[in-house]
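Open the model in your viewer and keep the selection tool at hand. Each stop on this tour says what to select and what is there.

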Amino acid sequence: ATERKAVFLFFGGTGDLAYRKLYPSLFNLYRKGNLRSHFAVVGTSRQKMDNEKFREAIKKSLADSGNRTDSKEATDFVSHFYYQDHDVTDAAHYSVLKELIEKLDKKYKAEGHRIFYLSMAPQFFGTIAQDLKTQGLLSEGPDVFNRLVIEKPFGRDYDSAKQLNDALSQSFDENQIFRIDHYLGKEMIQNIEALRFGNTLVESLWNNRYIDNIQVTLSEKLGVEERANYYDNSGALRDMVQNHIMQIVSLLAMEQPVAFTDTDIRAEKVKALRSLRVYNVADAATNFVRGQYGAINDQADYRHEDNVPHDSTTETFVAGKLLFDNYRWSGTPFYIRTGKMLADKFTRVDVVFKRPLVDIFAFPQSKNTPLAANVLTIFVEPHAGFSLQLNAKTNDTGFSTEPIKLDYLVDAEKSKETPEPYERLLHDVLKGDGTNFSSWPEVSYAWKFVDQIRRVWDLQEPQFPNYTPHSMGPAAAEELIQRDHREWIYRL
Ligand code: NAD
């Protein structure tokens, strides 16, 4: 592994995300040699704490994610961690951070490279970015890098996202900003490109002549849990569709990039999103459905979860139909759905091919059932893999066909070695590779699409609750696809 050099500054450095995901991911990069001796990590938050106590907390975070912490390796790793309390709204106090990171930069010979990770409430993103610049925390020099990593959510509609982006771009250029969408760090999402552009068999059929429809499902088994304060102000459309689903859809829909580089891939994703049809009021109302879960046994309905208002109209489920107005996809819809409190936890993409134009086995006396559609399924999680459904002859004396499956599942041993999304993404930030982050144009087109749905929904009081826990959502999600004489490939 190539050693990368940098001083990290984590805002929200005592937060849930930092302890649960970010520090363990850095440790994995350390064990693999991507980080060795030329790095330091500064955690900041309002809390008061000394370095020793912070390092204990880091050790605990490593232990909680299944690492041994009595090793020399773990001790050496945590010795690179420093803590500084800091209120991000106190502009004058940034000078303390500046002094600390400059000192650590010298001590660890990090060559002036800086990574600023904003892992806290998004209302602070703009202020922090501006103070980093005005208070002189960005390092200068021909060969140094300053990179800003931003957690989600990136705005709550196009206007607020634009405002945030304008604030960030006063201090950082687009190529210095890394907007996290952790779905893009998942192995099988990155595999979409390999599958498509590495296989003649796949890419030559990847269009509206051969594909009938594509289905993307991000299904969650749990309810809102402890996240109600955030979630009730967001809802499934903002929390899942605007970012993760739009990113997955754009990878499925884009044209072949000139080369496998962040610039080329982003350009194609943006082009795809530009040809996504933004719905008028009538089409938004027919092509999207929303849901909110009801009660079952001991499980309270959404409106009786902790911290949820009893009259909440927040959707915990979305299904929709997306249409691209371009030569490749015209006439081939993308159906998407996501929700909480559904039957199971999984993410998958089902690519449904057209049935053969002529079914020669369906002659008048034939008892053969009609040929099934070929379906290529990409299993993203919890198990990673592909499955291809084909028609084959049954092994009996007569002649009949049945659908069979070619399956490739990543085995348990290999999946254990698969890097966690945050490890991959932090590695990409260290390399300066923006492929698996959302660019501003992508974010803005996604918001414009989603805002239109929201606008229509806000005009009407929904009939909630409207789906049973552990189902696959409201009846309207079935009707949405049945109306087009199709059905969800994954069903109960
Ligand atoms: P958290 O509430 O656990 O942590 C917030 C951190 O910010 C704490 O360290 C807190 O001390 C600090 N903080 C708050 N106000 C401050 C101030 N004025 N000055 C300085 N520090 C202050 O939040 P989290 O769950 O770790 O989430 C962080 C970010 O990551 C959010 O943007 C969230 O949307 C995003 N995110 C979190 C998760 C997750 O699994 N937790 C997943 C995806 C995205």
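**Where the domains meet**

Begin at the boundary: 12 residues of domain 1 are in contact with nine residues of domain 2. Two residues are in contact if their C-beta atoms, placed from the backbone, lie within 7 Å. On the side of domain 1 that touches domain 2, the elements giving two or more residues are H1 and strand E5 (146-150). H1 gives the largest share of that side, six residues. By class, that side of domain 1 has seven nonpolar, three polar and two charged residues. Here Ala, Val, Leu, Ile, Met, Phe, Trp, Tyr, Cys and Pro count as nonpolar, Asp, Glu, Lys and Arg as charged, and the others, Gly among them, as polar.

This is a predicted model: local features need pLDDT of at least 70 and side-chain atom pairs count only at pLDDT 80 or more, while totals for chains, interfaces and linings use all residues. Residues are numbered from 1 along each chain as its sequence is written.

**The whole chain**

Now colour residues 6-151 as domain 1 and residues 184-482 as domain 2. These bounds come from an automatic or database domain assignment. The centres of the two domains, taken over C-alpha atoms, are separated by 35 Å.

Show the chain as a cartoon: its secondary structure comes to 16 helices and 14 strands. Helices (H or I, at least four residues) and strands (E, at least two) are DSSP runs, numbered from the N terminus. The radius of gyration is 25 Å, close to the 23 Å that the globule rule gives for 492 residues, so the chain is as compact as a globular protein of that length. That radius is taken over C-alpha atoms, and the rule is 2.2 Å times the number of residues to the power 0.38. Along the principal axes, the C-alpha atoms fill a box of roughly 85 × 50 × 45 Å.

Of the 492 residues, 42% count as buried. A residue is buried if 20 or more other C-beta atoms, placed from the backbone, lie within 10 Å of its own, exposed if 12 or fewer, and partly exposed in between.

**The nonpolar core**

Select Val42, Tyr117, Val149 and Val249. Of the 122 residues in the largest nonpolar core, these four touch the most other members. Such a core is a set of buried Ala, Val, Leu, Ile, Met, Phe, Trp, Tyr and Cys residues joined through C-beta atoms within 7 Å. Helix H10 (residues 236-253) gives the largest share of this core, 11 residues. Both domain 1 and domain 2 give residues to the core, so it lies between them.

Stay on Val42. Which residues is Val42 in contact with, leaving aside its neighbours within four places in sequence? They are Val7, Phe8, Leu9, Phe10, Tyr82, Gln84, Leu100, Ile101 and Leu104.

Move to the ligand, which 19 residues surround; the closest are Gly12, Gly15, Leu17, Ser45 and Glu151. The shell divides into five nonpolar, nine polar and five charged residues. Its largest share, three residues, comes from helix H1 (residues 16-31).

On H1, select Phe27. Is Phe27 buried or exposed? Phe27 counts as buried because it has 23 C-beta neighbours inside 10 Å. Leaving aside neighbours within four places in sequence, Phe27 is in contact with Leu62, Asn67 and Phe77.

For contrast, pick Glu56 in helix H2 (residues 51-64). With 14 other C-beta atoms within 10 Å, Glu56 is partly exposed.

Most residues other than glycine have a negative phi, and most peptide bonds are trans. The last stops depart from that pattern.

- Glu381 and Pro382 are joined by a cis peptide bond, with omega about 5°. Pro382 is in the loop between strand E12 (375-381) and strand E13 (385-393).
- Phe464 and Pro465 are also joined by a cis peptide bond, with omega about -5°. Pro465 is in the loop between helix H15 (440-458) and helix H16 (475-482).
- His470 is found in the loop between H15 and H16. His470 is not a glycine, yet its phi is positive, near 70°.
- Glu225 has a positive phi of about 50° although it is not a glycine. Glu225 lies in the loop between strand E7 (211-219) and helix H9 (228-231), and with 11 C-beta neighbours inside 10 Å it counts as exposed.

How values were computed: Near = placed C-beta within 6 Å.
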